[in-house]
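The sequence and structure follow.

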Amino acid sequence: MKLFQFYICFMLFAFVMSPALSFAQTSFNGGGVNGGSIIPGNDIRACAPALEGAIKYNSVTKKLQFCDGTNWLNSGGSCTANPACPVIGNVCTDGSVFAGFNVYGTACSPIYVATTNQSTAIGWSTEDITTTTDFIDGKANQAWVVANRPIANYPAMQLCENLGLHTKTDWYLPSVNEMTTLFINRTAINASSSQNFATQDYWTSTGRGQYEAFGLSVGNSGIVSYVDDAVTSDVRCVRRD
């Protein structure tokens, strides 16, 4: 038994120290009367053939995921991609780009992104009330505003709400989680887009209190922070089936 525990500890030590997997941190506790556990860390890299078989804990969706060589999938179940554009970065038949998967409750769904920004300088809100705070579902955030507030008072969301692009009209402003997915997969998305994710700051549909909303800075390593909702940032709309 001691030899077995030594072997497990050695393998985990090699896993943590391996340069190829240095993005994720893993800890192991094998002692005590209650046994032990392995705690995988997050990995911000896009899934690729070189990472096939890797596992990570997605700290945003709170899900254990594995890399199948193409996409990060939730453990215990799989996400189904559109067969017309099954790989992240593929252009779908309608002209939108497959941007990755997100989990909404217990459901996994592919999301698609427009090939260009809808704005490079627009505000989030012109009124000071608490509205949308969901970090996961941007579609739900925007639907709440449409149902409860004048959409014209939320210019960034209004752009997506009124957008008709790639034969679709169900676009919405992505949440923090969805915008993070776009950032992680930006290299593949950029390869199929006419306008790259480069150094811009992007709005999300996730608000914070009465006066602020969250944005993601592509030029600052994907940092998510809240700012005054009257300032201007870029917008890139997404949709899902």
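Which residue's side chain is joined to that of Thr 181 by a polar contact? The partner is Asn 102, and the contact between the two side chains is 3.2 Å. A polar contact here is a pair of N or O atoms within 3.5 Å; within protein, one must be able to donate a hydrogen and the other to accept it, and residues adjacent in sequence count only if both atoms are side-chain atoms.

The model is predicted: local features need pLDDT of at least 70, side-chain atom pairs count only at pLDDT 80 or more, and totals for chains, interfaces and linings use all residues. Residues are numbered from 1 along each chain as its sequence is written, and side-chain values use heavy atoms, with hydrogens and water left out.

**Helix α4**

Thr 181 belongs to helix α4, which spans residues 176-184. Helices (H or I, at least four residues) and strands (E, at least two) are DSSP runs, numbered from the N terminus. With a relative accessible area of 10%, Thr 181 is buried; the term buried means under 20% relative accessible area, exposed means over 50%, and partly exposed lies in between (1.4 Å probe, protein chains only). Leu 182 is also placed in helix α4, and it is buried with a relative accessible area of 0%. The C-alpha atoms of Leu 182 and Phe 197 are 8.7 Å apart in space, while the two residues are 15 apart in sequence.

**Aromatic pairs**

A pair of aromatic rings is described by the distance of the centres and the angle of the planes. Rings of Phe, Tyr and Trp (its six-membered ring) pair if their centres lie within 6.5 Å; planes under 30 degrees apart count as stacked, over 60 as edge-to-face and the rest as tilted. The whole structure holds six aromatic pairs. One of them is the tilted pair of Phe 98 and Tyr 112, with 6.2 Å centre to centre and 50 degrees between the planes. Phe 98 lies in strand β6 (residues 97-104) and Tyr 112 in strand β7 (residues 107-113), so this pair ties together parts that are 14 residues apart in sequence. Phe 98 is buried at 0% relative accessibility, and Tyr 112 is buried at 2%.

Phe 214 and Tyr 226 form an edge-to-face pair, at 5.8 Å centre to centre and 85 degrees between the planes. Because Phe 214 is in strand β10 (residues 212-217) and Tyr 226 in strand β11 (residues 223-228), the pair ties together parts twelve residues apart in sequence. Phe 214 counts as buried at 11% relative accessibility, whereas Tyr 226 is partly exposed at 39%. Ring pairs also link Phe 98, Phe 101 and Tyr 112 into a cluster.

**Charges over rings**

Arg 186 lies over the face of Phe 183, at 4.0 Å from the ring centre. Arg 208 lies over the face of Tyr 226, at 3.6 Å from the ring centre. The criterion is NZ of Lys or CZ of Arg within 6 Å of the ring centre and within 35 degrees of the ring normal.

**Salt bridges**

Side chains of opposite charge can pair when their charged atoms come close. A salt bridge is a side-chain nitrogen of Lys or Arg within 4 Å of a carboxyl oxygen of Asp or Glu, and seven are found in the whole structure. The table lists examples.

| Asp 137 | Arg 240 | 3.1 Å |

Arg 208 is partly exposed at 34% relative accessibility, and Glu 212 is partly exposed at 23%. Salt bridges that share partners join Asp 137, Glu 178 and Arg 240 into one network. Asp 137 is buried at 15% relative accessibility, and Arg 240 is buried at 11%.

Asp 170 is partly exposed at 29% relative accessibility, whereas Arg 239 is buried at 4%.
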